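Dear colleague,

My notes on it follow directly after.

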Amino acid sequence: MDAVGKMTEKNADEDEMLKWAKGYATKQGWTLNTDEKQLSTVIRGLVRNKKKFGRLYCPCRLRSGDEEKDLAIECPCMYHKDEISQDGHCHCNLYFKTG
Ligand code: SF4
């Protein structure tokens with residue numbers, strides 16, 4: 001694939017991930033980070049992990065390498081609901097509480 005083709009594919013993956021995250025946020029009554037730069041960093045990290053590991057590992061947490069344990073850090077991770085209710089956002093600053 002040429003460079004342009006690769007770029008287009010990458011953007012399509014990011015668009016799809018963004019749509020997925022938006023859909024989940026809406027379903028929960030949350031919003032996504034309104035800082036575009038921070039948001040796209042997390043989205044890119046998720047796309048990268050999906051490609052590399054076949055799993056949506058959290059881009060802001062360390063994997064243990066143990067698949068069973070690392071289920072806890074697949075987005076949306078085991079911790080995000082507590083973090084959002086306590087801090088107003090998840091550790092990665094992807095999902096935000098509204099209001
Ligand atoms: S901290 Fe946020 S972005 Fe990271 S896995 Fe949890 S919900 Fe997803």
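Helices (H or I, at least four residues) and strands (E, at least two) are DSSP runs, numbered from the N terminus. The model is a predicted one: local features need pLDDT of at least 70, side-chain atom pairs count only at pLDDT 80 or more, and totals for chains, interfaces and linings use all residues. Residue numbers start from 1 along each chain as its sequence is written.

The buried residues of H2 are Val42, Ile43, Leu46 and Val47. Seen down the axis of H2, they fall within an arc of 135°, so they line one face of the helix; the arc is that of the directions from the helix axis to the C-beta atoms. An α-helix has 3.6 residues a turn, so residues three or four places apart point the same way. Lys37, Lys51 and Lys52 are exposed on the face of H2 turned away from its buried side. A residue is buried if 20 or more other C-beta atoms lie within 10 Å of its own, exposed if 12 or fewer, and partly exposed in between, with C-beta atoms placed from the backbone.

The 18 residues of H2 (residues 36–53) should span 26 Å at 1.5 Å a residue, and the end C-alpha atoms are 25 Å apart, which agrees; the expected span is 1.5 Å times one less than the number of residues. Gly54, with a positive phi near 75°, follows H2.

The ligand is surrounded by 13 residues, the closest being Cys58, Cys75, Cys77, Cys90 and Cys92; a residue counts here if its C-beta atom, placed from the backbone, lies within 6 Å of the molecule.

His89 sits in the loop between helix H4 (80–87) and strand S2 (95–97). His89 counts as partly exposed because it has 18 C-beta neighbours inside 10 Å. Leaving aside residues up to four places away in sequence, His89 touches Glu83, Ile84, Tyr95, Phe96 and Lys97. Trp30 is 59 residues from His89 in sequence, yet their C-alpha atoms are 9.1 Å apart.

**The chain as a whole**

The chain has four helices and two strands, in the order α-β-α-α-α-β along the sequence. Of its 99 residues, 19% are buried. Its C-alpha atoms fill a box of roughly 45 × 35 × 20 Å along the principal axes.

Note on methods:
Contact = placed C-beta atoms within 7 Å.
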